[in-house]
Amino acid sequence: MEIVTFGESMVLFNPDTTGPLRYVHNFNKSIAGAESNVAIALARLGHHVGWFSKIGDDEFGRYIKAIIRGEGVDVSRVVTDPHNNTGLLFKERFAHVNPNVYYYRKNSAASNMVIKDLDFDYIKSSKILHVTGITLALSPSARETVFKAVEFAKANNVLVSFDPNIRLKLWRIEEARPTLLEMAKLADIIFPGQDEGRLLLGTEDPKEIAREFLDMGCKIVAVKLGKEGCYLAKQEEDEFVTGYIVEKPEDTVGAGDGFAAGFLSGVLQNFSLRGCGQLANAVGAMATLVRGDMEGFPTLQQVQRFMGTEEYIDR
Ligand code: KDG
């Protein structure tokens, strides 16, 4: 594996119509989950990637595994929990505003993840371990599992990639902040958004955010600036990389995961910092062109066309 990641994926029910959920009759069934989004995006870009989680012994768990496997992601380390259900997520859409998200994941199989569910040889076999703050929020045992995996990765020269992905519906900021900062200190690459800079460090200034994380020990900080692009920093170099304007985004959820996947793809190919940022911006932007959390991630050829590095013949 080039990259291994783990965390909860859920069955996502996206309403066909806008308005309060009690008036919605039809839903589109798909999957959601920040880590599997990153895994799928990387697989579409042509990488060997593994994702695992704990799923219920139920139809929803089998569905999630089948979809992710179908995307070319290795799911051989997924654990089935005979006692707890697979988590679900419902969106509620209104015109011109971000959708509401309702989680049905309390005590889900994934939130019952424990250290015993980790395959250490599998983690050791990969170049990068990618984790997010969502798993840290799920339960004490899931949190302990992420810390254990990350400490093991560090001790075995596997690069640690971390997206704080603050979800205030899952935990209070007073609890989230110290935990996420503790994890940030262990990360080699970190992907904060500006809002996360504000919540964690009290600043939205990309340069200040980057400086704080570099001082904590991160080697690369990629601050996501939405359509403005990103600000990237290492100890010895830093730069802004301009983003892509998407006039009418269909769905912005998943853009951050696309960004992380594009960036990590660049890292795996030894791209320059700027090259990593350009690919990250493009994959993140393309994620917003399609409704759904992971449906819009491009193949390598599609992203090259989007970036204008490959000629497009449409017929
Ligand atoms: O980054 C997108 C994810 O947040 C989404 O797919 C669902 O993992 C998810 C969550 O916990 O909100």
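**Note on a sheet, a helix and aromatic pairs**

1. Phe-306 has a relative accessible area of 29% and is partly exposed. The model is predicted.

2. An open sheet is built from four strands in the order S3-S2-S7-S8, with mixed pairing. Strand S3 (27–32) and strand S8 (100–104) are at the edges with a single partner strand each, so one side of each has no neighbour in the sheet. On average, neighbouring strands here are turned by 25° against each other, direction ignored.

3. Strand S7 (residues 88–92) and S8 run antiparallel and are joined by five bridges. In this pairing, Leu-88 stands opposite Tyr-104 in S8. Helix H2 (residues 59–70) lies across strand S2 (10–15), S3 and S7, and runs at about 70° to S3.

4. There are 13 aromatic pairs in the structure. One of them is Phe-13 with Phe-60, edge-to-face, with 5.9 Å from centre to centre and 80° between the planes. Phe-13 is in strand S2 and Phe-60 in helix H2, 47 residues apart, so the pair links distant parts of the chain. Phe-13 counts as buried because its relative accessibility is 14%, under the 20% limit. Phe-60, at 30%, is partly exposed.

5. Tyr-244 and Phe-306 make a tilted pair, 4.9 Å centre to centre with 50° between the planes. Tyr-244 is in the loop between strand S14 (238–242) and helix H9 (255–268), and Phe-306 is in helix H11 (residues 300–306), so parts 62 residues apart in sequence are tied together. Tyr-244 is partly exposed at 26% relative accessibility.

6. Phe-13, Phe-27, Phe-60, Phe-90 and Tyr-104 are linked into a cluster by ring pairs. The charged end of Lys-29 sits over the ring of Tyr-63, 3.7 Å from its centre.

Conventions. Residues are numbered from 1 along each chain as its sequence is written. This is a predicted model: local features need pLDDT of at least 70, side-chain atom pairs count only at pLDDT 80 or more; totals for chains, interfaces and linings use all residues. Side-chain values use heavy atoms; hydrogens and water are left out. Two strands pair if DSSP finds at least two bridges between them. Helices (H or I, at least four residues) and strands (E, at least two) are DSSP runs, numbered from the N terminus. Axes are lines fitted to C-alpha atoms, for helices over the stretch in contact, and angles run from 0 to 180 degrees between N-to-C directions. Contact means heavy atoms within 4.5 Å. Rings of Phe, Tyr and Trp (its six-membered ring) pair if their centres lie within 6.5 Å; planes under 30 degrees apart count as stacked, over 60 as edge-to-face and the rest as tilted. Buried means under 20% relative accessible area, exposed over 50%, partly exposed in between (1.4 Å probe, protein chains only). A charge sits over a ring if NZ of Lys or CZ of Arg is within 6 Å of the ring centre and within 35 degrees of the ring normal.
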